[in-house]
Number of protein chains: 4
Amino acid sequence: MNEHDPKITKDRFHEMLGDSAPFMDSYDFQILDIGYGTASVAVPYNPGFIRPGGTIAGPVMFAAADFTLWVAVLGAYGEVPLAVTTNMAINFLRKPENETLIADARLFKIGKRLAVGDIWVSNKGVDEPCAHVTGTYSIPPMAK
Amino acid sequence: MNEHDPKITKDRFHEMLGDSAPFMDSYDFQILDIGYGTASVAVPYNPGFIRPGGTIAGPVMFAAADFTLWVAVLGAYGEVPLAVTTNMAINFLRKPENETLIADARLFKIGKRLAVGDIWVSNKGVDEPCAHVTGTYSIPPMAK
Amino acid sequence: MNEHDPKITKDRFHEMLGDSAPFMDSYDFQILDIGYGTASVAVPYNPGFIRPGGTIAGPVMFAAADFTLWVAVLGAYGEVPLAVTTNMAINFLRKPENETLIADARLFKIGKRLAVGDIWVSNKGVDEPCAHVTGTYSIPPMAK
Amino acid sequence: MNEHDPKITKDRFHEMLGDSAPFMDSYDFQILDIGYGTASVAVPYNPGFIRPGGTIAGPVMFAAADFTLWVAVLGAYGEVPLAVTTNMAINFLRKPENETLIADARLFKIGKRLAVGDIWVSNKGVDEPCAHVTGTYSIPPMAK
């Protein structure tokens with residue numbers, strides 16, 4: 001579907017982010033791949049992620065999904081750091097293991113005003129996903 | 001609608017949580033009120049919440065909403081710490097100010113197997129909400 | 001919150017609709033009220049609404065919610081018939097009785113590009129709601 | 001992922017439905033395929049589907065998605081006609097052509113109490129989807 005080159009590289013992404021993103025920094029997100037409207041991000045396990053019951057808290061998976069979709073948006077539109085999420089819906093499917101999480105995002109609409117996509121969150125190397133998320137980003141007028 | 005007493009007190013809630021919730025602890029959530037199927041929680045501003053653009057990251061509002069709905073669930077069902085979110089949907093409405101956030105949750109279904117409710121996230125003392133969230137919790141078989 | 005007059009009247013609404021809306025006509029929606037960003041609509045019971053189990057099908061409640069939110073959008077923006085839903089999320093709370101349904105919508109964001117609101121669907125005269133819906137409309141550039 | 005046979009056949013499905021589903025009948029849904037947790041359904045175009053602007057109304061796509069996910073649920077669990085939707089979230093991606101719609105559903109969680117899946121709605125023979133939907137079904141206690 002997306003036969004384009006990504007509009008941003010990993011290096012340029014990190015340069016752009018600089019120290020403007022303490023929230024993202026606190027998760028130590030590792031960008032594995034950026035494509036045109038796709039992205040893959042690893043989230044190393046951190047004991048600070050734990051909720052009662054001893055498993056990774058749901059909002060950790062949400063944060064990973066939100067970040068990864070944002071990277072996919074930049075992969076499709078280029079540098080629009082102020083693209084903002086308008087809504088996201090998350091379904092929690094299975095308890096994650098206390099190991100690295102991987103979030104894989106792809107856009108299925110790359111529009112003038114809105115980008116829509118979904119994100120799968122799974123443990124690294126495990127087929128069964130832990131969460132499925134859909135989200136919409138609002139694209140600022142100047143972009144594209 | 002809910003003419004019952006809350007099934008858990010703030011003191012008992014904190015006792016139950018103990019040190020089992022490092023994720024929640026990292027947000028320094030302040031429970032303002034627990035009712036039968038309702039809860040109100042303050043989230044003190046923290047520079048670690050910032051995303052590019054200089055405002056509070058969306059997942060911070062999500063985490064506040066998720067926690068507050070969970071408190072409301074315990075207010076309705078008593079001690080079911082393993083009640084788990086099955087899904088949540090968040091609409092981001094306005095940029096929050098870099099000040100304390102308040103999340104207000106209320107359940108509108110308190111069922112045998114599922115609890116459903118919504119949460120408003122706003123800046124303290126500000127009428128216009130920053131985010132609206134709906135969520136569903138799955139209630140373990142023994143509860144209620 | 002909304003201290004404005006509605007931007008469209010019931011009469012003008014029906015005039016505008018004319019015969020351009022066979023889908024809406026098939027439901028026999030009765031507009032009870034239009035305000036600035038609010039609307040109330042009655043859906044008379046119809047045996048054609050029934051799903052297995054003998055109750056009103058979920059998509060009937062969805063259709064009522066979608067229509068009512070659209071009326072609320074026109075109440076806030078005036079004649080923007082081409083405003084389109086970008087997403088909706090529905091939680092089914094209780095089985096409706098096979099009687100008239102009422103849908104009550106209100107917008108909680110009336111923005112330049114997006115309108116966001118929710119809708120309660122209940123049986124007429126019954127407090128407990130059958131469904132809660134949130135939705136977003138994309139507003140065409142010329143509007144407002 | 002799903003290496004099982006479907007738990008219901010098309011013939012048995014229609015037999016079970018009988019005349020208990022006037023709402024579904026009104027759409028003339030054509031089941032193309034039932035698998036274990038998957039289903040594909042065609043919706044023949046009908047001028048009664050039109051909304052202002054001359055295109056197929058969003059709730060038509062919702063109804064198709066809801067029905068198709070239900071068929072997929074029966075494909076995974078067998079005859080649980082009273083399985084009920086607890087929530088659905090729909091993203092509208094592109095205007096459909098006034099032609100046959102196809103809805104393709106697959107479950108990504110087939111649990112004891114909840115089934116979760118998504119549905120793509122597209123025009124027949126067209127790659128770009130018109131809507132993406134996620135939904136959850138509550139499974140009655142006796143099933144499975």
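Modeller: Strand E3 (residues 84-92) of chain C and E3(D) pair in the antiparallel sense, over 5 bridges. Two strands count as paired if DSSP finds at least two bridges between them; helices (H or I, at least four residues) and strands (E, at least two) are DSSP runs, numbered from the N terminus. Within this pairing, C:Asn87 has D:Asn91 in E3(D) as its bridge partner.

This is a predicted model, in which local features need pLDDT of at least 70 and side-chain atom pairs count only at pLDDT 80 or more, while totals for chains, interfaces and linings use all residues. Residues are numbered from 1 along each chain as its sequence is written, and chains are lettered from A and ligands numbered from 1 in the order in which they are written.

On its other partner, E3(D) is joined by 8 bridges to strand E6 (residues 131-138) of chain D, and the two run antiparallel. There D:Asn87 has D:Thr136 in E6(D) as its bridge partner.

These pairings belong to an open sheet of 12 strands with antiparallel pairing, in the order E1(C)-E2(C)-E4(C)-E5(C)-E6(C)-E3(C)-E3(D)-E6(D)-E5(D)-E4(D)-E2(D)-E1(D). Its edge strands are strand E1 (30-35) of chain C and strand E1 (30-35) of chain D, each of which pairs on one side only. From one strand to the next the twist averages 15 degrees; axes are lines fitted to C-alpha atoms, for helices over the stretch in contact, and angles run from 0 to 180 degrees between N-to-C directions.

A helix also lies on this sheet. H3(D) lies across E3 of chain C together with E1, strand E2 (38-43), E3, strand E4 (101-110), strand E5 (114-123) and E6 of chain D, and runs at about 45 degrees to E4(D).

Now the contact as a whole. It takes 32 residues from chain D and 32 residues from chain C, where two residues are in contact if their C-beta atoms, placed from the backbone, lie within 7 Å. Helix H2 (22-25), helix H3 (58-77) and strand E3 (84-92) of chain D each supply at least two residues of the side of chain D that touches chain C. E3(D) has the largest share of that side, 9 residues. By class, the side of chain D that touches chain C holds 21 nonpolar, 9 polar and 2 charged residues; Ala, Val, Leu, Ile, Met, Phe, Trp, Tyr, Cys and Pro count as nonpolar, Asp, Glu, Lys and Arg as charged, and the others, Gly among them, as polar.

Chains A and B also meet through E3. E3(A) is joined by 5 bridges to strand E3 (residues 84-92) of chain B, running antiparallel, and A:Asn87 stands opposite B:Asn91 in E3(B).
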